[in-house]
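Reader: I would like to go through this model and ask what stands behind each label. Can you take me through it?

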Amino acid sequence: MTTLFTLLASSWSRCRAVRAAPVRHQRLLSRRCRVLATLPQQEWVAGLAFDLETTGLNTDEAEIVQFACVVANSRREGGASFCEFVMPQCEIDPGASAVTGITKQLLAERGARPFAEVWATFEGWLRETLVSETRPLVWSAHNGDRFDVPILRRCVRDATGGPSPLLSEPRAAFVDTLPLARAALRPRPRYTRGAPGPFTLGALFERASPRGGALEGAHDALVDAEALARVWRWLIEEQGADAASAAWAASAATAGQ
């Protein structure tokens, strides 16, 4: 059975080597996935499902107001997750506040800190959680390529003065579950005009839930990151996404501690 560990092996290998490889390269990439399965424990890949709530939708200017990350393949009881509110320097767009319920007053009441401090805390949390400073990372966000990833990278660069090794090759790779779902779910789910699309995180979470439960509390970064972790695993383990990398044994140990 294809598992999340399979995806992580494939994604890390392909993103580092040939992100959009032609067909003739598929066998080579498959061999690289098998090599990943032989890595020592400290090098096993960690899957990080993350979500941001922001001051607005402009990826060139928006600041983070809440950051959450879940180790999607953790074996810890209760999982392993990080979540903090962030105090932005700019004002929060009223439209964003209407969706998330986050205002500067709420952030002040929650003791929100500047992003530079939150990111430094996250770095320490991740190091302690993975018991490693070298473990390969596969980050995942829903519609991340267009929204979460560019904002996170820019905010981290502004906070630290340069790109972070946690977000850069050779250690890190990124997976967007939106195109992953579109490719895996065929035939495509029906779409009713005026209704939420079939590939929203909420719609996918409902399908991935054993009893079809709706996603409650959406637009909270931790709620969405936990939902994403479930959807990510479901896409791989039950919908056959990224099945070309099935060489990674289902019994492989997990990346998260």
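Author: What follows is a set of questions about labels and the values behind them. Keep in mind that this is a predicted model.

Reader: Start with the fold. How many helices and strands are there, and in what pattern?

Author: The chain has nine helices and five strands. Along the sequence they run α-α-β-β-β-α-α-α-β-α-β-α-α-α. Of the 257 residues, 50% count as buried. Among contacts between residues at least 6 apart in sequence, 69% join residues at least 24 apart.

Reader: How do you know that Cys-90 is in no disulfide?

Author: The structure holds zero disulfides. For Cys-90, the nearest cysteine sulfur is that of Cys-155, 9.0 Å away.

Reader: Is Cys-155 called buried or exposed, and why?

Author: Cys-155 is called buried because its relative accessibility is 9%, and buried means under 20%. Cys-90 has 24%. That value lies between the cut-offs of 20% and 50%, so Cys-90 counts as partly exposed.

Reader: What makes the Glu-84 and Arg-113 pair a polar contact?

Author: Their side chains come to 2.7 Å. The cut-off is 3.5 Å between N or O atoms, one able to donate a hydrogen and the other to accept it, so the pair counts. Glu-84 sits in strand β3, residues 81-85. Arg-113 lies in the loop between α4 (104-109) and α5 (115-130). The two are 29 residues apart in sequence and 8.5 Å apart in space, C-alpha to C-alpha.

Reader: Why is Arg-113 called partly exposed?

Author: Its relative accessible area is 25%. Buried means under 20% and exposed means over 50%, so Arg-113 falls in between.

Reader: What makes the backbone of Val-131 worth a remark?

Author: Its phi is positive, about 50 degrees, although Val-131 is not a glycine. Val-131 is in the loop between α5 and β4 (137-141). Its relative accessible area is 59%, and exposed means over 50%, so Val-131 is called exposed.

Reader: And what is the phi of His-219?

Author: It is near 75 degrees, again a positive value in a residue other than glycine. His-219 is in the loop between α8 and α9. At 39% relative accessibility, between 20% and 50%, His-219 counts as partly exposed.

Reader: Which residues are joined by a cis peptide bond?

Author: Glu-169 and Pro-170, with omega about 10 degrees. Pro-170 is in the loop between α6 (148-160) and β5 (172-176).

Reader: Last, the largest pocket. What is its volume, and which residues are closest to its centre?

Author: The volume is about 700 Å³. Of the 29 lining residues, the closest to the centre are Asp-51, His-142, Phe-147, His-219 and Asp-224. So His-219, the partly exposed loop residue, belongs to the lining too.

Reader: Which element gives the most to the lining, and what classes of residue are there?

Author: β1 gives the most, with five residues. By class the lining has 13 nonpolar, 10 polar and six charged residues.

Key
Residues are numbered from 1 along each chain as its sequence is written. This is a predicted model: local features need pLDDT of at least 70, side-chain atom pairs count only at pLDDT 80 or more; totals for chains, interfaces and linings use all residues. Side-chain values use heavy atoms; hydrogens and water are left out. On a 1 Å grid over the protein atoms alone, a cavity is a set of points where a 1.4 Å probe fits but cannot get out, and a pocket is an open set with protein on both sides within 12 Å along at least five of seven lines; lining residues have an atom within 4 Å of a point. Grid points are joined across faces, edges and corners, and a volume is the space filled by probe spheres set on the points. Helices (H or I, at least four residues) and strands (E, at least two) are DSSP runs, numbered from the N terminus. Ala, Val, Leu, Ile, Met, Phe, Trp, Tyr, Cys and Pro count as nonpolar, Asp, Glu, Lys and Arg as charged, and the others, Gly among them, as polar. A disulfide is a pair of cysteine sulfur atoms within 2.5 Å. Buried means under 20% relative accessible area, exposed over 50%, partly exposed in between (1.4 Å probe, protein chains only). Contact means heavy atoms within 4.5 Å.
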